[in-house]
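Reader: Please take me through the fold of this protein by question and answer.

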Amino acid sequence: MQDRLSFPEKLLEAVEARRDEVTELTRELIRFPTVNPPGEAYTPCAEFIGDYLKRHGFGVEYIRGEGAPGDTDLYPRTNVIARFDGRVPGPTVHFNSHIDVVEAGEGWTLDPFAGVVKNGRVYGRGACDMKGGLASSIVAALAFMQVCPDFPGAIEISGTVDEESGGFGGVAHLAKLGYFSKPKVDHVIIPEPLNKERICLGHRGVWWAEIETRGEMAHGSMPFLGDCAVRHMGAVLQAFEDELFPALDAKRTVMPVVPEGARRSTMNINSIHGGQTDDFRPGLPSPNVPDRCRVTIDRRFLLEEKIEDVKGEIVSILDRLKRDRNRFDYEIRDLMEVQPTMTERDAPVVKAVAQGIMALFDREPDYVISPGTYDQKHVARLGHLYDCIAYGPGILDLAHRPDEWVGIDDMVDAAKVMAIGLNVLLRGGAR
Ligand SMILES: [Zn+2]
């Protein structure tokens, strides 16, 4: 029966036949409580993936993110990279998934680490973000290898750590070692949960910084003898309200960011601390004029903006206050910066996955940009590899929520799209 099928149907059929496998794989992955922080159960989870792929002929390497934030003997940052070389040389397609998940949190109606299957869904922390995507990429690769055993090139599958905390012990570490660069790798697909009909081309940029205003301590009954750092910060926030936020709001981008509200520049004030800490509760505060006040800002910027200008905008407001406001002084510290990135729509990996989406759903994909960053930043910044997208099953809004789930149909469909993508990238779409 199978022999009568023409090529693409054969490939799709081979994925379909792995429906139970993708479900079971996802359940097993969820049962490793790879919660980050602190980075629980990374090693057994990586070894499970490694063992699984080794059984299918992959060569497997484990690379610890030594020296990365959080890496200790108790919580080693264990990454796994598996590679299967085809019979003749050719390009390499790499599927990268993070194995870490955020804490379960409150509000679950079922066990977040049991891998419960109900109504065609697998439930659990990390089901959609992104153990379901990892499982999809594995069955896509296995189905492709089974139907096209003579394929040229190579397939790599990695399970990496710490994406939820910046990816420094994971993709960044591996990218520094050359694992995400040519000629080792040519095309990268990151199966983050973005919906099976969407291709995510990249993300906006990020700048985190801490601003501190300075004052002078004095007795609270005689504030005129000191200088209140909190009032100075109030002036900073007022200037942000009056000029910065409206200006950011007006900056639009050609990047197709979803949700649409993020199709412009944004800034969040993450935290503010000034004066005595909250620790005194339920007692009374000591009457002091605070000499320090700090805010952390989270500025998300666009392809159209330069990081120097993004910083300059804030610094010029602070400098103006320094000129105009009596005794105003400040300091600003960079905490993190990431450039925005957007893969071209005619890049090979985009076109290959688009072909899969069109074959399966008979429609053009939606091309989107993520409002926040993910590991693609390290592939671009450190690996200098720009043929990279995020494509995977699952609904992004469910990520990090109670009762997170991934649809089994969605995983199978996404795996079919990935298998067709592999055929385009490695065999030029041959039948
Ligand atoms: Zn994720």
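The questions below go from the whole chain to its domains, sheets and single residues.

Author: This is a predicted model, in which local features need pLDDT of at least 70 and side-chain atom pairs count only at pLDDT 80 or more, while totals for chains, interfaces and linings use all residues. Residues are numbered from 1 along each chain as its sequence is written.

Reader: What percentage of the residues of the protein chain count as buried?

Author: A residue is buried if 20 or more other C-beta atoms (placed from the backbone) lie within 10 Å of its own, exposed if 12 or fewer, and partly exposed in between. Of the 431 residues, the buried share is 46%.

Reader: How far apart do the C-alpha centres of domain 1 and domain 2 lie?

Author: Domain bounds come from an automatic or database domain assignment. Here the assignment gives domain 1 as 2–203 + 340–427 and domain 2 as 208–338. The distance between their C-alpha centres is 38 Å.

Reader: Which strand gives the most to the side of domain 1 that touches domain 2?

Author: Two residues are in contact if their C-beta atoms, placed from the backbone, lie within 7 Å. The contact between the domains takes 10 residues from domain 2 and 8 residues from domain 1. On the side of domain 1, 3 residues come from the strand that gives the most, residues 366–370, which is E14.

Reader: In what order do the strands of the open sheet with E9 and E12 stand?

Author: Two strands pair if DSSP finds at least two bridges between them. E9 and E12 are joined in the antiparallel sense over 8 bridges, with Val206 opposite Val338 in E12. The edge strands are E10 (266–274) and E12 (330–338), each pairing on one side only. The 4 strands of this open sheet stand in the order E10-E11-E9-E12.

Reader: Which helix lies across E9, E11 and E12?

Author: Axes are lines fitted to C-alpha atoms, for helices over the stretch in contact, and angles run from 0 to 180 degrees between N-to-C directions. The helix in question covers residues 307–324 and runs at about 170° to E12. The helix is H7.

Reader: Is Trp208 buried or partly exposed?

Author: Trp208 lies in strand E9 (residues 205–214). Leaving out residues up to four places away in sequence, Trp208 touches Thr296, Ile297, Asp298, Leu335 and Met336. Because it has 16 C-beta neighbours inside 10 Å, Trp208 counts as partly exposed.

Reader: Which residue in E7 is the bridge partner of Val93?

Author: Strand E7 (residues 187–190) pairs in the parallel sense with strand E3 (residues 88–98) over 3 bridges. E7 also pairs in the parallel sense with strand E15 (residues 388–390), over 3 bridges. Both faces of E7 are covered, with Val188 and Ile190 buried on one side, and Ile189 and the residue asked for buried on the other. The bridge partner of Val93 is His187.

Reader: Which residue in E16 does Arg121 stand opposite?

Author: Strand E5 (residues 121–123) and E16 run antiparallel and are joined by 3 bridges. They belong to an open sheet of 3 strands in the order E4-E5-E16. Across these strands lies helix H2 (residues 19–30), running at about 10° to E5. The residue opposite Arg121 is Gly407.

Reader: How many other C-beta atoms lie within 10 Å of Ala68?

Author: Ala68 is found in the loop between strand E1 (59–64) and strand E2 (78–85). Beyond its neighbours within four places in sequence, its contacts are Arg77, Asp162, Phe168, Gly169 and His173. Ala68 is partly exposed, and the number of other C-beta atoms is 19.

Technical notes: Helices (H or I, at least four residues) and strands (E, at least two) are DSSP runs, numbered from the N terminus.
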